[in-house]
Amino acid sequence: MPTTHRLFPTTLRWLTSTSTITPPKQFLRHESSARRLTKRLRLQPDSTFLPLPSNSIPTSQSPHAFARLAASTPRASTIIYNPPASMPSAYATPSIFLPPSDPRKNLPTTSLTASTESNTNNLPPPLKKPKAKKYNLTQKEISEIRDLRQEDPVVNSRTALAKTYGASRFFVGMVAEAGKKHKAVMAEEQEKVKQSWGRKRTEARIDRKKRRAGWGGADGN
Amino acid sequence: MLEAASAIQLGIKGTGSSKQPRLPPCRSPHTSAKLSSLHARLSLSPTFPLETLARCLIDPTAEPNPKFNNATLSNLGNNLLGYYTTEHLLAKYPRLPIDVLYAAMHAYISPQTLFQAGREWGVEDAFEPTLEVDAGLLQFKRLKPGEPWGPERFFKTGDESALEPPAPATDDPTSKSTLDSEAEKKEVEGIPLSHATANFVKSVFAGIYLHESPSSAHHFFRQHIISRHLDISKLFNFEQPTRHLSRLCAREGFQPPIARLLSETGRRSRTPVFIVGAYSGEERLGEGYGASLDEARIRAAVSALKGWYLYSPTEKKEAEEEEEEGGREFSSVFVDVGEVIV
């Protein structure tokens, strides 16, 4: 730290001196440290707590221009609304959900829709790349899938059929459900796997299931 | 009112016999300080007589004759409360799913809630419904410990008559046979304190409706029931929120919902936080937080669905308020097409 380098020769000079007698008592301190400390401790309020003068508009060059107190800044007559960061209220209906008869439908923006999101490019990134649905299978192919699955559910598994027909595993499972017998066999196998789990994994799975059950609103959030 | 007064004169046990036992003065509604103070505490109108308030306090388990107990009053009060609560909820939140509507109604007018309301009104109960007790005490026969109450009570035997819950006398109350069978059926039974108090509260609503006016009953309802705090947004529990939301968007013709990452912190840490927004096109439908992307995505869908179902119109007109204004033409409230079938 530059401060240490600067302080060292001044404060520790008497230690390095060749004199054997006790150095005279004198008050040693950096002449500007007290002032600097006071200055450093003098915290300005957060910019969001400062009132907004009517004449200042934040620009890209000076985004915090409005945050500085000026002589013209009204002090007592301004309402400062600065709520802590929190989830939006469940009772605030997005404007797209308002029925056409509602007078709020015609308001320009709501609190949920930021005005900066004027076009699709400015939207936040999606979690998964949205995929367009293909709708590539005809009724004939679907009945083929059903027949194959009924014939041999082990060979014609969901994954295999999905690969052959260019559909998703979810779609294959939806149109061609496996027979009860095959389902029972699979459940038995799954049960065997679960039996081989240790205590930690079993408990972790139970906990995860419980947590997940609350996400739909049951946990009160 | 006259019937109630005659009940007091006849006494509890003397209704069927020609001999009428003399009642102690405490049985008279006009000498009971408790009754008068309860009347004053509830700010009831002078047109609501003390005799009716005394009748409201007599449960069918204490006095089987429906002319002198609160069975009919509590039945009317029950219907009034059900109607007012449904109307209030559907006028305020027209899109509520039926399960949430039932849960909200239960929260407002279940026997447990009405029991609390009765306690807050300062209604005290007599330990045993005897002649000496004050007319201002709630009189009922207590359920014996271990005796069944609820559905198992009504379905304990196989015979047909037991399948019907013992509804308050809806037939001709003057018929002697009805009275006798009612009396026989009710004589051995008891009722929990909470349900007896709830029946009293319902009876007071019916009394106001009959003696004052329907609008007074509605006003009383708003003051004592709707004033209770209930956060309806906490009553939801979606089983498949993301699928529910995409079905909703498909039904309403919105663009399919897309989860977008609004902000995140500590992705590689032990306690990450993700904020995800559910978007339909450029519109943000809702946002959710979570320790995993999946959790945040699901919560965002839940938030969006709550935004849909908790829509509240700007004008909340209930039929009673329209009646009060008088001469105003009836305009229907917003009626939704119904909840999404997932």
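## Contact between chains A and B

In this predicted model, 39 residues of chain B are in contact with 29 residues of chain A; two residues count as in contact if their C-beta atoms, placed from the backbone, lie within 7 Å. Four elements of chain B give two or more residues each to the side that touches chain A: strand S1 (258-265), strand S2 (273-280), strand S3 (283-290) and helix H13 (293-309). Helices (H or I, at least four residues) and strands (E, at least two) are DSSP runs, numbered from the N terminus. H13(B) gives the largest share of this side, ten residues.

By class, the side of chain B that touches chain A holds 20 nonpolar, eight polar and eleven charged residues. Ala, Val, Leu, Ile, Met, Phe, Trp, Tyr, Cys and Pro count as nonpolar, Asp, Glu, Lys and Arg as charged, and the others, Gly among them, as polar.

## Basis and confidence

Residues are numbered from 1 along each chain as its sequence is written, while chains are lettered from A and ligands numbered from 1 in the order in which they are written. Because the model is predicted, local features need pLDDT of at least 70 and side-chain atom pairs count only at pLDDT 80 or more, whereas totals for chains, interfaces and linings use all residues.

The model scores ipTM 0.78 and pTM 0.75. Chain B averages a pLDDT of 84, and 78% of the residues score at least 70; pLDDT is the predictor's confidence in each residue, from 0 to 100. Over residues 1-18 of chain B the pLDDT is below 50, and this stretch has 35 contacts in the model beyond near neighbours in sequence. Residues 157-188 of chain B also have a pLDDT below 50, with 29 contacts beyond near neighbours in sequence.

## Make-up of the two chains

Chain A has eight helices and zero strands. Of its 221 residues, 8% count as buried. A residue is buried if 20 or more other C-beta atoms lie within 10 Å of its own, exposed if 12 or fewer, and partly exposed in between, with C-beta atoms placed from the backbone. Among contacts in chain A between residues at least 6 apart in sequence, 31% join residues at least 24 apart.

Chain B has 14 helices and three strands. Buried residues make up 37% of its 342 residues. Among contacts in chain B between residues at least 6 apart in sequence, 62% join residues at least 24 apart.

## Helices H10 and H11 of chain B

Two packed helices are described by the angle between their axes and the distance between the axes. The axes of helix H10 (residues 193-211) and helix H11 (residues 214-226) of chain B come within 6 Å and cross at roughly 150 degrees. Axes are lines fitted to C-alpha atoms, for helices over the stretch in contact, and angles run from 0 to 180 degrees between N-to-C directions.

From H10(B), the residues B:Phe205, B:Ile208 and B:Tyr209 meet B:Pro214, B:Ser216, B:Ala217, B:Phe220 and B:Phe221 in H11(B). The residues of this contact divide into seven nonpolar, one polar and no charged.

B:Leu76 is placed in helix H4 (residues 71-92) of chain B. This residue is buried, because 20 other C-beta atoms lie within 10 Å. Leaving aside neighbours within four places in sequence, B:Leu76 is in contact with B:Ala206 and B:Tyr209. B:Leu76 and B:Thr31 are 45 residues apart in sequence and 28 Å apart in space, C-alpha to C-alpha.

Helix H6 (residues 111-121) of chain B has B:Leu114, B:Phe115 and B:Gly118 as its buried residues. They cover an arc of only 105 degrees around the axis, so they are on the same side of H6(B); the arc is that of the directions from the helix axis to the C-beta atoms. The buried residues of H6(B) pack against helix H5 (98-109) and H10 of chain B. B:Gly122, which follows H6(B), has a positive phi, near 85 degrees.

## Positive phi outside glycine

A:Tyr135 is not a glycine, yet has a positive phi of about 55 degrees. A:Tyr135 is found in the loop between helix H3 (33-41) and helix H4 (139-151) of chain A. The residue is exposed, because 6 other C-beta atoms lie within 10 Å.

B:Ser43, also not a glycine, has a positive phi of about 50 degrees. Its place is in the loop between helix H2 (33-41) and helix H3 (50-56) of chain B. B:Ser43 is exposed, with 8 other C-beta atoms within 10 Å.
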